[in-house]
Amino acid sequence: MMEELAHHILDVARNSLEAGATRVEITVEEDPAGDLLRFSVVDNGSGIPPNVQRQLTNPFFTTKSGKKVGLGLPFLQAAVERCGGNLEIRSEVGRGTTVVATFPYYCWDRPPLGDMPRTIVSLLVGNGHLDLCYRHIFNGQSFEMDAGEIRSRLKGISLDTPEVLIWLRQYLAENLNILNGGGGYEVARRAG
């Protein structure tokens, strides 16, 4: 079981990389007033054939060699169902996959969002070439990070250089803290 939604997002995005995606778009939308938390992961990977799509939430099915179970999406579906939310997976062979998970914001059973800066940086480790776009919306205000734009400003320095990754994590943390008005929103939600 994954304790944070950020772990689910990382798992879905890693599936995208394993499917050969060169571009991954992650969007997190928090709308406390509308009682909504939704995230999506969109990729341009190889896509999923329909016969495999039907098995994606079966924990005893996996396409990965050497594994007998595939628990990422079944755990995500269980988390969504526990909260009365919705999980949608759309895919087209040769065009990519979209995974959208929607939760009621104030459901006690909803896992906390977790550490999104760490998730984004983890995706870039060893994947400095990845065209990663991360967008976070909170109460209608948004913050966006485009790896391609940062890469162009680095002028030849790889995005997965340790010093760049440390800076990137801090940059993401600071901007997300500003976006949600100081970072106490999730803590306050948990406290009731």
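1. Basis of the values. The model is predicted, so local features need pLDDT of at least 70 and side-chain atom pairs count only at pLDDT 80 or more, while totals for chains, interfaces and linings use all residues. Residues are numbered from 1 along each chain as its sequence is written, and side-chain values use heavy atoms, with hydrogens and water left out.

2. Overall composition. The chain contains 7 helices and 6 strands; these are DSSP runs numbered from the N terminus, helices being H or I with at least four residues and strands E with at least two. Along the sequence, their order is α-β-β-α-α-β-β-α-β-β-α-α-α.

3. Of the 192 residues in the chain, 41% are buried. Here, buried means under 20% relative accessible area, exposed means over 50%, and partly exposed lies in between (1.4 Å probe, protein chains only). Contact means heavy atoms within 4.5 Å. Among contacts between residues at least 6 apart in sequence, 64% join residues at least 24 apart.

4. Helices H1 and H4. Helix H1 (residues 5–18) packs against helix H4 (residues 116–124) at an angle of about 15°, and their axes are 9 Å apart. H1 is therefore roughly parallel to H4. Axes are lines fitted to C-alpha atoms, for helices over the stretch in contact, and angles run from 0 to 180 degrees between N-to-C directions. Angles under 35 degrees count as roughly parallel, over 145 as roughly antiparallel, 65 to 115 as roughly perpendicular and the rest as oblique. The crossing of H1 and H4 is right-handed, a term used when the near helix is turned clockwise from the far one by less than a right angle, anticlockwise being left-handed.

5. Residues at the H1 and H4 contact. From H1, Ala6, Ile9, Leu10, Ala13, Arg14 and Leu17 meet Met116, Thr119, Ser122 and Leu123 of H4. By class, this contact has 7 nonpolar, 2 polar and 1 charged residues. Ala, Val, Leu, Ile, Met, Phe, Trp, Tyr, Cys and Pro count as nonpolar, Asp, Glu, Lys and Arg as charged, and the others, Gly among them, as polar.

6. Serine 16. This residue also lies in helix H1. Serine 16 counts as buried because its relative accessibility is 2%. Leaving aside residues up to four places away in sequence, serine 16 touches Ala21, Val24, Val41 and Asp43.

7. Salt bridges. A salt bridge is a side-chain nitrogen of Lys or Arg within 4 Å of a carboxyl oxygen of Asp or Glu, and by this rule there are 8. One of the arrangements is a network of salt bridges that links Arg23, Glu25 and Asp131.

8. Two individual pairs. Arginine 90 and glutamate 88 meet through their side chains in a salt bridge, at 2.6 Å from N to O. Arginine 90 is partly exposed at 42% relative accessibility, and glutamate 88 is partly exposed at 32%. In another salt bridge, the closest N and O atoms of glutamate 144 and arginine 135 are 3.9 Å apart. Glutamate 144 is partly exposed at 44%, as is arginine 135 at 35%.

9. A pair within helix H5. Arginine 153 and glutamate 149 form a salt bridge at 3.6 Å, N to O. These residues are separated by about one helical turn because they lie 4 residues apart in helix H5 (residues 147–154). Arginine 153 is exposed, with a relative accessible area of 64%, whereas glutamate 149 is partly exposed at 47%.
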